[in-house]
Amino acid sequence: MKVIRFPHPLVLLVGFIVVACLLSYVLPAGVFERHTDAATGREVVVAGSYHRVVASPVSPLQAIVDIPKGLQDAASVIFLVFLAGGAFTVVDQTGALRSGVDWLLNKFRGREAIVIPIISVLFATMGALENMQEEIVPLVPVLLILMRRIGYPTVTAAAVSIGSAAVGAAFSPLNPFQVGIAQKLAQLPLLSGGGFRMVFLALALAIWIGGTVRYAIRHRVQPDTADEADPAAAAHTGRNHGLVLLLMFVTFAFFAYGVLQLGWEFEQMAALFFGLGILAGVVGGLGLTGTAEGFIDGFRDIAFSALLIGFARAIFVVLEQGQIVDTIVNSLSAPLANLPAWLSALGMMGVHTALHLPVPSVSGQAVLTMPLLVPLSDLIGLSRQVTVLAYQYGAGLCELLTPTNGALMAIVAACGVRFDEWWKFAFPLYLLLLALAVVAIIAGIAVGI
């Protein structure tokens, strides 16, 4: 039996760009009127304002030009990935990461499976707190070293990082870029329904972590000890690995503080990691020239993954230029008005799932859809909190699968895993999480949140 495989990630993304270009000729162009929302400071659509406009199909030449435009739009994210990736390569070349991994494995010898829940909860927490995604890309080499030393397949590196973060974000009670924006637009108190969400967040993480541990144990191979004999690591034996690791942990702490308390953008994050690389290289004994060479090695290794983020962004650029994003939103949301309240809620979750392919930003999707769906939910007697849940689960869980999620594509590629392999692992767990989301929505209606 011939196994159907996904094409190369770059081929897949360019294919979606072509499809977006073709859709601009097929779908009618249309837009919603927009105004600035006082609560969020973002532009939101005016419900019932959709109208047709003059068609503006995107030519094949323009679609090609939109690829560098997509790269430009995602520039801050791409530069974060480059600079942070270079920094962690420098840290790795000091030998500190291998020392840290050795210490961790010695502590958990015979209980290696517990490493997966610990790391998964850490990434899920960051996903729940600040929708962590692109920031994970530079951390992949560290996770790969750990998983290979334990003998787990490389797909688990993606599962414990981007997978856990996506699940944490989708079921989060306080993610400011997702539930926070949606609740503001729905005129709900921030953190309202938090206890309800926490229950289902715990259940969702249990499903994801349990599935990851089961997969890792079933596919475990002979641990990779090649790192122990790595010449670069041996050359730096005896250097101050502990101080380098301390620098790394201080950086992570400052990173979390900057994102959560200071409102940092990607530029500040990139500068922080660049500083980490310089200090780690000097303290770790690489010298200025060795540190510079480490950064170059990191740039080379991370380049493909970083550029995938820009190609994914180009898909949305084409759809936006063709003025068909609002047409897609209007066409999917209009039929919900004729459904019973509970079925409309499940239909909303399905709409958000479908919309997340052409609208890969969860915050952008909230701004686009909440002003449409909140008035609809009022008319049919559906609580606004359940409307937000439908958005969270539909859009958030789709982050586990959609090829237009640039961070997912970049991380899977950095792990050396084919996208069809990722789907084979993630899709069964996605279906279980989707079933849990359905239970959560029905329970939310039943208890009247």
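Which residues of the largest nonpolar core touch the most other members? I put this to the model, which is a predicted one, and I noted that the core holds 134 residues, among which Phe171, Trp208, Tyr393, Leu400, Trp422 and Ile441 touch the most other members. I then looked up which helix gives the most to this core, and I found helix H13, residues 287-321, with 12 residues.

**Entry on tryptophan 208.** I picked tryptophan 208 from that list and looked up its contacts, leaving aside its neighbours within four places in sequence. I recorded Ala159, Gly163, Ser164 and Val167 in contact with tryptophan 208, and also Leu400, Trp422, Phe425, Ala426, Leu429 and Leu433. Two of these partners, Leu400 and Trp422, are themselves named among the core residues that touch the most other members.

**Entry on the second core.** I also noted a second, separate core of 15 residues, which includes Val44, Ile181, Ala182 and Val362.

**Entry on helix H8.** Is helix H8 largely enclosed or exposed? I wrote down that seven of the 10 residues of H8, which runs over residues 176-185, are buried, so the helix is largely enclosed by the rest of the structure. The buried residues are Gln178, Val179, Gly180, Ile181, Ala182, Gln183 and Leu185, and I noted that Ile181 and Ala182 also belong to the second core. When I looked up what the buried residues of H8 pack against, I found E3 together with helix H7 (155-170), helix H9 (194-218), helix H16 (362-380) and helix H17 (384-398). After H8 comes glutamine 187, and I recorded that its phi is positive, near 60 degrees.

**Entry on serine 49.** I next went to serine 49, which I located in the loop between strand E3 (43-45) and strand E4 (51-52). What does the side chain of serine 49 reach? I found that it reaches the backbone nitrogen of glutamate 33 at 2.9 Å. Not counting residues up to four places away in sequence, serine 49 touches Val31, Phe32 and Glu33.

**Entry on the cavity.** How many cavities of 30 Å³ or more does the structure hold? I found one, and I noted that about 30 Å³ of space lies in the largest cavity. Its lining is made up of Met132, Glu135, Leu139, Phe252, Phe255 and Phe273, and I sorted these residues into five nonpolar, no polar and one charged.

How values were computed
Residues numbered from 1 in each chain as written. Predicted model: local features only at pLDDT ≥ 70, side-chain atom pairs only at ≥ 80, totals over all residues. Heavy atoms only, no water. 1 Å grid on protein atoms, 1.4 Å probe; cavity = no way out; pocket = protein on both sides within 12 Å on 5 of 7 lines; lining within 4 Å. Points joined across faces, edges and corners; volume = space filled by probe spheres on them. Nonpolar A, V, L, I, M, F, W, Y, C, P; charged D, E, K, R; others polar. Helix = DSSP H or I, 4+ residues; strand = E, 2+ residues; numbered from the N terminus. Polar contact = N/O pair within 3.5 Å; in protein donor to acceptor, adjacent residues only side chain to side chain. Contact = heavy atoms within 4.5 Å. Core = buried A, V, L, I, M, F, W, Y, C linked by side-chain atoms within 4.5 Å. Buried < 20%, exposed > 50% of the residue type's maximum accessible area, 1.4 Å probe, protein only.
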